[in-house]
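Here are some notes to read alongside the model.

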Amino acid sequence: MVYGVIGVIIWTENMKSMLEFYRDVLRLPLHSDHGDFIAFEFGGFRLNLGLHDKVKGPSKEPFRIMINLGVHDISEEHSRLSRKGVTFIRTPEKEAWGGWVSTFYDPDGNILQLLQT
């Protein structure tokens, strides 16, 4: 029986830029760095970056999956990331369900969202 999602891997050929983005720009908490596989951990969940020989270039279908990153103040985080050069495709907007969402790209063209509930 599946009891939950414990991690996600983003495969890349561009580990240096991806590591710098997730560690230095997003400031995710680094769990481990093995060079070709890097893990960030939030409680019991891991967001991983890994080198993969079948992944080439930017994401071909960036809307297929979106990773939501929880924030306490979406306006503040949007401003901070914008100053760091992050490309946003959606500025913070309040959703019908009451939360706030803002959408942006990582260096490989994967789409992520800031989510404030």
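Which residues lie nearest the centre of the largest pocket?

1. Start with that centre. This is a predicted model. Ile 10, Trp 11, Ser 59, Ile 65 and Asn 110 lie nearest the centre of the largest pocket. The lining has 20 residues, and the volume is about 410 Å³.

2. Next, the strands behind this lining. Strand 1 (7-12) and strand 5 (66-70) each give at least two residues to the largest pocket. Strand 1 has the largest share, with four residues.

3. Eleven of the residues lining the largest pocket are nonpolar. Six are charged and three are polar.

4. Turn to the second largest pocket. Its space comes to about 200 Å³. It is lined by 13 residues. Leu 28, Phe 42, Leu 69, Gly 70 and Val 71 lie nearest the centre.

5. Which strand supplies the largest share of the lining of the second largest pocket? Strand 5 does, with four residues. By class, this lining holds nine nonpolar, two polar and two charged residues.

6. Finally, the surface. Phe 63, Met 66 and Ile 89 make up a nonpolar patch there. Together they have about 280 Å² of accessible area.

7. Look at Phe 63 on its own. This residue sits in the loop between strand 4 (45-51) and strand 5. Is Phe 63 buried or exposed? Phe 63 counts as exposed because its relative accessibility is 54%, and the cut-off for exposed is over 50%.

Notes:
Residues numbered from 1 in each chain as written. Predicted model: local features only at pLDDT ≥ 70, side-chain atom pairs only at ≥ 80, totals over all residues. Heavy atoms only, no water. 1 Å grid on protein atoms, 1.4 Å probe; cavity = no way out; pocket = protein on both sides within 12 Å on 5 of 7 lines; lining within 4 Å. Points joined across faces, edges and corners; volume = space filled by probe spheres on them. Nonpolar A, V, L, I, M, F, W, Y, C, P; charged D, E, K, R; others polar. Patch = residues over 30% accessible without salt bridge, like charges linked within 9 Å, V, L, I, M, F, W, Y side chains within 5 Å. Areas by Shrake-Rupley, 256 points an atom, 1.4 Å probe, with all protein chains shown as cover. Salt bridge = Lys/Arg side-chain N within 4 Å of Asp/Glu carboxyl O. Buried < 20%, exposed > 50% of the residue type's maximum accessible area, 1.4 Å probe, protein only.
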